[in-house]
Amino acid sequence: MASGWDAHSDQDSRFDFEGQDPALWRHLPRLVDGVTKAAISDATQLVALYQYHSSEPEVDNTLLKNLTGVSDPSVPCQLVFGVGQDQSRLPPKVGTDEHSYDLGLSFNKLLLAPTVYLKCTFLRVLEEGRPHTAVLEWHFNDYNGPDTGITDYVHDDPTAVISFTAGPATCSGLNKLERAKKQLCDQDAEIFCVLKSFLAQGRHAVKLKLKGHSLSLEARCELDKVRSRLPSGNGVLLPTIGAVEYAAFGDKSDRVHCARDGMLSPADTLSPITKHPMVPLGCTNTFITVKEAGVQLAYSAVASEAEAREATKLWAQVYHSARVFPLGTFAVLAVRFEKFDKLGSAKGELHYRLPKEMGASIVFKDRRSGMSVKVKTILIGNVAELPPHDAFFHIISESAEYFGTDDMVSVGRGPECFDVKIEPGYNSATYASQLATVAQLQLPENRRWHGILLNQVHDAIEIIDLTQPKEAEATIAPHVRHQADVWLKNWMAWNGEQLAVIEGIKVAKGGTILVMGPAGTGKTLLQEALSIYFYLLGFHVLALAPANSNVDHLAVQLGRIEEREKLPSALKFIRMYPSVRDFVPKEDGDATELDPIPAKHSLVQFYDLLSAIDDRETDQQTARKYGLAQAVLHAAENHTHVLQRCLRSSTGNARGEAVNAWELLREFIAKWSHGGTDRESLRSGCDDQIMAQYRMAYAQCRAHLIGGNRFMLATTGNARASELVQHWYSTESEWNMKRLGVVVFVDEAAKDVEVNVWSGVVCEQWASGVRGVVMFGDDKQLKPTNTCSRGKINFNAFNDRLDIPLPCRLVDEGFPHYRLLEQRRMHQDLSRFPNREFYKGKLRDGAGTDLSLDARLPGLSKALKTVVAEHGSHSFDESRLYKAEATDADIRLHWVEVKGDRVRHPGTKSLCVREHVQVFFKMILPRLIECFRQMGKRVDEHVMVICAYTYAVSLRISVVEGRQLRADTLQLHEYLDGIRKMLRHNDQLTTADMPQVLTVDASQGREASMVVFDGSCQHSDCMGFVNDDARCNVAITRAKEVFWVIGGAMNSRRVENSHRKPATLAKYKHELTLMGKCHRFA
């Protein structure tokens, strides 16, 4: 076994380079298995990529870079037209300032999908202060069918001319020029037309005159190494010339194979002659081909999943300690991690975090009998009611009564710890969905989306009226359309930008609408209105968002509209939560057609229904009331549905004669609700066949509601949930539901990885019926969460692809979109700084943003003045003066300066300043509780604490749906402990008196009347990722009325750093200090 990352095996047969150019692959034998650090084998799932900073004397790093990305330097050149005296060149001269553009020749991705790369820099067309660039690429291979690749390629060294014939070029950067071509100068317009001409169908003769005299000798030598390996060169021809593009990832020219159990392993991609170079590869806003899109989208997901899976295997190799706690119907195992190996070297261990979704079998011993017990669980993250632990697992195969009695497992439910062995299930539903989405996206049936996917030429994309039916022969009655149109027009006093979006749904480029805008500009209102509008027209509507909190917020808002407003027709929607059946591994002894039903029946398949039964009162206060389990429960108890059919097993086989599935389900619900012996009979005393019938009846009742509903809400990761794919938008005869088409909405689309955004658009069940997709987001705020390692250790060659969201790359490339710039969330005093810093002063304050704090929340201004006067003043006179003279503007924005020390959590490496937390709980929160109680309002509905660092952060997922503290939020243990202590020591307080606590990332899409931001910052030169403008933007723009920051003096910790440009948060503090809005709290 190798001893470190530098270990390698030159004896591996797959690295036998006989007959090949060894300079291309000399770095590969240095690579090792990312887990074992041994030589790469067929069992290897993860490879630590070769890094260019590696000091390998035998590896030519410069050559490797030039062959895997855009070769450097770019050679100045001219396009040559005609011959002899009729010859002309563009630009006529090189190296002068007589012309408004420059041309530069390079090569791109020569070891993957080789192209000639021509870049045109428009010197007078500026974009954010930089010259705009456009690129043409001619492919050495037939990338899009016969006669599309380069032939007759010649590099004549004496004349410095490259000539060839090729099919249509692929491009980037031309769309923005197309939209601004009327403003181009004559020279720019001329070259722009020439570049566009190379995109036309047919063969094109291309001649380029190189002007490389200005290059250094060293640069010329490096470029000669590249040219020698191309046609007409004097070296060994690159193996990729004439091969299928991205051949290492499959031999199909138009797509890459995508199936969960059929993805190529690292060893597979190293076996062909055209090998995977195993280096970090660049990703851009465009894809040159559909296959390139498939490779990058699929294998970025493969590497990300493999990294998470292998890290989890290392974590699961050791015993951890746990305690069991009752929580409603089921019990929770609270786990503390013992020491375990992590991915990475001894000096560079990578931080480990559990997957967001995971099922696991957990094994432990019954103390009394000494027998091993195995239970099925799902990872639920932090449980607010319980003491902090590293992870929480909800036991779903047994009820809470299974623990701690004489007749059941005696692990106890007290503080005792016991050892557990965790066996994770590696069937991530999100990962499976991503691969299935890529597979569907590449198919000819989804060709209509390829123009948007490639993002090269927008002019050729069709304009679509989203309000017209997609299904053949389907129609919308005139009176139905009229009612919907009137409702949409009159529902809100829309501003001009919002009206443009509403009118734009009839002229959607490629059936795609992009709506970008900062917080508070009405994106959510538009989504609510448009989704209801399409529902009223008769379309099926699928509303998606990356996070459960975003989807829940939409569900609550739609529920309020349904309850409070009179709509032309009834609004019925279902919130699809992740189902345990999508990510819990199959249970040992589960009933199948071949295996007998176990003596002790599993409750796994009924998990969400049983939770809904036991928690129906608390569910009514949250978005869970709109969930599928709650809808099934309501329909069953109210006898609203009848389904007289043969029951079907999970494999689709009919069982017995036709029965009313709803009647069977009511029988099961009644037994469970009675409790006692009736409930226990469902576990052990019930006839095997009856229990199987209950399972099938529940599954068919769920299918009945899904198939009979036109409006579904889900996360993008759950858009391909098995039940949705099987039953939603089925044929009209299946559930007697008319089909016009599907309109997909994606909120916070700029915060999600691209493949997830496509998941609801190209799902095979309804892809043919999709009329269009409407995406909302803010390209100035957080981008997708990428948990892959990066830096010295990197396992994902396409890591950058996970950082580029679909809406942002479309906008950057000039795709038509709408910008909302009138904000109505923040008081105008709060909006000034983010408007100037992040939005270039383009935001406008809408109506109502100038109201006083007392007009909004009477008494809050006085309470906040008291806090500052009592704790931020240094004398009685100063305190009295502040109370008397502080204005509304003084108290809305404030920096609470606290001196403290940043401490780092030993496991997560995240930071915390405990003095900040203490000031909040001792000096700020008590006054807020008193004030909001006097107003008759809840603190948890008006106050939010945003923390920059997780510091042992845990995720509170709504699948627990707990029972006292219930919120889909990320909660910091330091603040969570403070809340728990206050509730424990003062029985007069309730959870309504406690604020929401979220990280910056979790707060995007949320808002509160007052926000307290704890950035864990003391010095301006030690800010960590709080220095990121996107995170700072999110934190600053969550507050509607009051925004306070708890932080240090924000001076430079080191004198040598004092001259650096200040971070945004440090600049904010400086401004507040100058305005007298900063006070030091002792």
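Q: OK, so which is the crossing of α27 and α28, left-handed or right-handed?
A: The crossing of α27 and α28 is right-handed. Bear in mind that this is a predicted model.

Q: At what angle do those helices pack?
A: Helix α27 (residues 860–871) packs against helix α28 (residues 876–885) at about 160 degrees, and their axes are 8 Å apart. Angles over 145 degrees count as roughly antiparallel, so α27 is roughly antiparallel to α28.

Q: Which residues meet there?
A: From α27, Lys 865, Thr 866, Val 868, Ala 869 and Glu 870; from α28, Ser 879, Tyr 882 and Lys 883. By class, the contact has 3 nonpolar, 2 polar and 3 charged residues.

Q: Switching to the sheet. How many strands, and is the pairing parallel or antiparallel?
A: The open sheet has 7 strands with parallel pairing, in the order β20-β23-β19-β24-β25-β18-β26.

Q: Which strands are at the edges?
A: β20 (574–575) and β26 (818–819), each of which pairs on one side only.

Q: And how many bridges join β19 to β24?
A: There are 5 bridges between β19 (residues 540–545) and β24 (residues 742–746). Ala 543 stands opposite Phe 745 in β24.

Q: Which strands does α13 touch?
A: Helix α13 (residues 548–564) packs on the sheet and touches β19, β20 and β23 (711–715). The direction of α13 makes about 155 degrees with that of β23.

Conventions
Residues are numbered from 1 along each chain as its sequence is written. This is a predicted model: local features need pLDDT of at least 70, side-chain atom pairs count only at pLDDT 80 or more; totals for chains, interfaces and linings use all residues. Side-chain values use heavy atoms; hydrogens and water are left out. Two strands pair if DSSP finds at least two bridges between them. Helices (H or I, at least four residues) and strands (E, at least two) are DSSP runs, numbered from the N terminus. Contact means heavy atoms within 4.5 Å. Axes are lines fitted to C-alpha atoms, for helices over the stretch in contact, and angles run from 0 to 180 degrees between N-to-C directions. Angles under 35 degrees count as roughly parallel, over 145 as roughly antiparallel, 65 to 115 as roughly perpendicular and the rest as oblique. A crossing is left-handed if the near helix is turned anticlockwise from the far one by less than a right angle, and right-handed if clockwise. Ala, Val, Leu, Ile, Met, Phe, Trp, Tyr, Cys and Pro count as nonpolar, Asp, Glu, Lys and Arg as charged, and the others, Gly among them, as polar.
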